[in-house]
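The following report describes one protein model, moving from a helix to a sheet and then to the confidence of the prediction.

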Amino acid sequence: MRGCSTGRVPGACPALLAIFLLILIVHVVKPTTESDPYKILGVSRSASQAEIKRAYKSLAREWHPDKNKDPKAEDMFIKISKSYEILSNEERRSNFDRYGQMDENQPFGQSQHHGFRSFHNSFYFDESFFHFPRSRDFADSKYMLHHAQFNSDVLPDSYKRPYLIKVTSEWCFACIHIEPVWKDTVLELEPLGVGIGIVDLGYERRLANQLGAHRAPSIIGLVNGRLTFFHQAVVRELLRQFIEDLLPQKLVERINDNNYRAFLDSWHLENKPSLLLFDQVPVVPLLYKLTAFAFRDYIRFGYVDQGETHSTQLVRQFNINTYAPTMLLFKENTEKPVDVIQARGMKKQIMDEFVSNNKFLQVPRLVSQKLFDELCPVKQFHRRRKYCVLLITGEDEDFLPGNKAFLDFATVNKKEVLRFAYVYQRKQQPLCQALLHNQAAVSPQVVILERRSQTGRVFYRSVSGGWNGSEEDKYRLHEQLELLQKDPTYLSSDTTLPELNNEMAPIFIIQWMNAAYDYILQIYDDLLYSNWREMMPILSLIFSALFILFGTVIIQAFSEPSESKPQNAKPKKQPTTEAEEEAASRANTFSRPPKKDFVEVTELTDITYTSNLVKLRPGHINVVLVLTNASKNVLLRKFAKEVFSFSGTQTLHFSFLNADKHCLWMPSLLRSASAAGQSVSHLDDEESSDYTGHVLALNGYKKYFCLFRPVFTGDDPNDASSESSFSSDSKRKSRSRSRSSSHSRSRSHSWEDGAIPKRGSSRATSIEVHHKLDRLGLWMERLMEGTLPRLQVPAWPTLDTTNSSSTKS
């Protein structure tokens with residue numbers, strides 16, 4: 001800028017300033033272009049809604065935080081969801097196309113026209129710098145749920161309305177991103193009747209565990225006591241659709257000119273009134289579905305699309321005004337509705353009040369105890385007493401005229417204190433027998449009763465003469481009802497009624513199938529979204545059942561025939577048994593009991609060699625058995641028996657090396673120890689030697705090993721007495737050697753001190769395979785005592801050693 005002050009270069013200062021401003025504009029505006037929803041979804045500006053939806057689903061599956069472990073997956077998923085929220089709404093999309101602006105709650109920053117303002121504001125240290133919410137007034141305490149409140153209020157109420165629950169916590173940045181969408185969703189769904197709840201992980205850990213929510217944010221739907229997790233993008237339209245999907249499928253039936261007659265005439269079979277909603281919208285409104293869910297036990301709901309061509313006759317027949325939604329409620333008379341309501345803005349309060357006032361038929365049939373309790377409630381005060389006029393009749397066609405006359409009488413004599421109902425004698429025999437004194441009614445009977453307690457105690461009186469539906473019967477019933485209202489003591493008889501049978505309850509097999517279907521859906525959802533904490537009990541149950549069913553078969557299939565056959569050489573069994581008992585007695589006095597009931601023996605391979613030897617932790621020792629394919633089964637069983645008493649030690653590891661696969665490893669190891677100046681000069685021709693049955697205690701950290709070599713225990717391997725005498729002699733020599741270290745050692749014990757005998761003896765090669773590890777228990781004791789000589793090596797040879805030079809590298 002010195003040139004600007006000297007004036008030697010005219011116009012240079014404005015040029016440099018313009019270049020600086022241009023660079024600044026590029027850097028400031030560039031980040032805003034990254035928030036273009038079209039570029040984020042990878043679609044063109046002329047893309048249709050179907051293309052946008054396909055692109056969103058593909059990207060949402062790819063960048064979902066539960067499936068994509070990329071650290072940027074969560075931010076990318078939020079951008080994808082926000083972009084879809086903008087482009088799926090035609091008004092927001094048009095606003096973005098015209099002005100390049102996102103909505104007011106965008107997480108990407110301001111629009112392109114506010115680039116300098118965003119650049120300038122980013123230097124200030126305020127709460128927006130960390131994206132904390134500017135106000136916390138929305139998370140009102142009325143939405144916070146507690147464990148006791150959830151189980152006592154919310155869970156039972158979920159059978160009447162769905163709940164949308166958000167699981168959040170403090171210092172949850174993702175929770176702040178979804179807060180604007182959650183707020184808009186609550187403002188939309190709560191007036192419709194959806195329950196709202198918020199659970200804080202920090203304060204309600206017990207409730208969060210009950211819900212199965214182990215992270216924040218999580219959104220859960222609750223309907224009929226069943227929990228369902230929301231796994232899509234947090235968008236208001238998707239949350240609304242999530243609530244609709246939670247509701248049962250057949251709540252509202254689509255009605256037109258072809259099926260409206262059958263829908264209205266089914267009141268007799270369903271024992272419920274019928275409600276029809278006429279509207280211009282082709283889809284059933286969510287408010288109507290929520291009302292149908294709340295009153296599904298009382299009323300059947302139907303929806304008529306006035307714009308459909310097949311509904312013209314129905315609209316004309318009931319003279320429906322097409323400019324406002326209309327609700328018609330029908331009871332026994334299907335030709336004329338008993339109540340009508342019409343309003344441009346249907347509100348939840350209006351709809352609930354309209355339905356609540358018409359929950360029952362004029363003369364409903366008692367099909368359950370719940371319905372009986374609501375029709376004939378228990379009133380303890382005289383002024384609030386309710387009398388139930390009950391017709392005991394049959395369901396055959398011969399009883400239809402009398403039932404119709406009883407309905408006409410009830411329609412004319414409507415009073416607040418009277419409730420009319422009828423019951424089929426065949427389906428509610430216990431109730432009818434209690435009222436008829438265990439006598440079957442030949443003709444229908446009318447009984448007037450008043451409930452006095454919840455336990456079933458009632459006062460009642462039967463109308464004399466029965467009921468045939470004649471004018472005389474109607475006059476007699478009307479006269480007795482007048483006497484009852486003047487004198488409550490008119491009901492002279494009392495009894496205790498049994499609980500009514502639930503005639504509408506599905507049979508057991510249907511209940512079981514519905515429960516199994518819900519259970520399968522829950523398992524599928526857990527498997528799809530890897531909810532393993534909830535799946536662990538189910539998986540444990542499945543694997544336990546499989547183990548019980550097939551465990552025995554698998555064990556028998558893989559068991560070896562030699563294990564089930566008895567051993568023929570009984571004389572050889574005695575010395576081995578004595579040695580095992582002696583080793584066990586010494587192990588009990590020396591080491592603590594093992595913590596496991598088996599010995600873990602792993603094979604040294606190219607994969608496990610480094611971890612089990614080269615990089616073995618300090619203080620740990622790996623006891624390695626050298627074997628071949630032919631002697632593998634016999635030596636492994638014998639090796640496990642000998643070292644079982646020491647398997648409880650945490651610093652010991654047990655492995656085996658297959659000499660057929662790695663024949664050069666042992667010679668290389670011994671050659672490396674000999675090169676280091678150890679006393680192994682007696683070895684010759686190592687590569688052709690048989691090292692089967694040798695055991696090495698390898699200390700990988702300090703690079704030394706102790707060697708066990710099989711010892712010939714007698715002149716004749718089949719002579720049991722020779723083996724026994726040698727075993728006794730070995731015991732005595734072992735005891736004398738432990739008492740005095742200055743005594744000379746015999747040739748048969750030279751392997752314990754590390755000096756390996758010469759190979760010239762033919763007796764050493766005549767040891768049977770199952771006797772090669774007879775003295776391993778004593779050697780293990782000395783290993784634990786630390787009295788065995790140690791052979792140092794400069795470096796551990798590799799398993800693929802081909803010459804001696806590789807061992808020295």
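Which residues in α14 are buried? In this predicted model, where local features need pLDDT of at least 70, side-chain atom pairs count only at pLDDT 80 or more and totals for chains, interfaces and linings use all residues, the buried residues of α14 are Leu286, Leu287, Tyr288, Leu290, Thr291, Ala292 and Phe293. Residues are numbered from 1 along each chain as its sequence is written, and side-chain values use heavy atoms, with hydrogens and water left out. Helix α14 (residues 286–294) is thus mostly covered, with seven of its nine residues buried, where buried means under 20% relative accessible area, exposed over 50% and partly exposed in between (1.4 Å probe, protein chains only). Helices (H or I, at least four residues) and strands (E, at least two) are DSSP runs, numbered from the N terminus.

Strands β18 (residues 695–699) and β19 (residues 704–708) run antiparallel and are joined by five bridges, and Asn699 stands opposite Tyr704 in β19.

Confidence is expressed as pLDDT, the predictor's confidence in each residue, from 0 to 100.

| Part of the protein chain | pLDDT |
|---|---|
| Whole chain | average of 76 |
| Helix α7 (residues 115–121), lowest | mean of 37 |
| Strand β7 (residues 300–305), highest | mean of 95 |

Where pLDDT is low, the predicted coordinates should not be read in detail.

Conventions:
Pairing = 2+ DSSP bridges.
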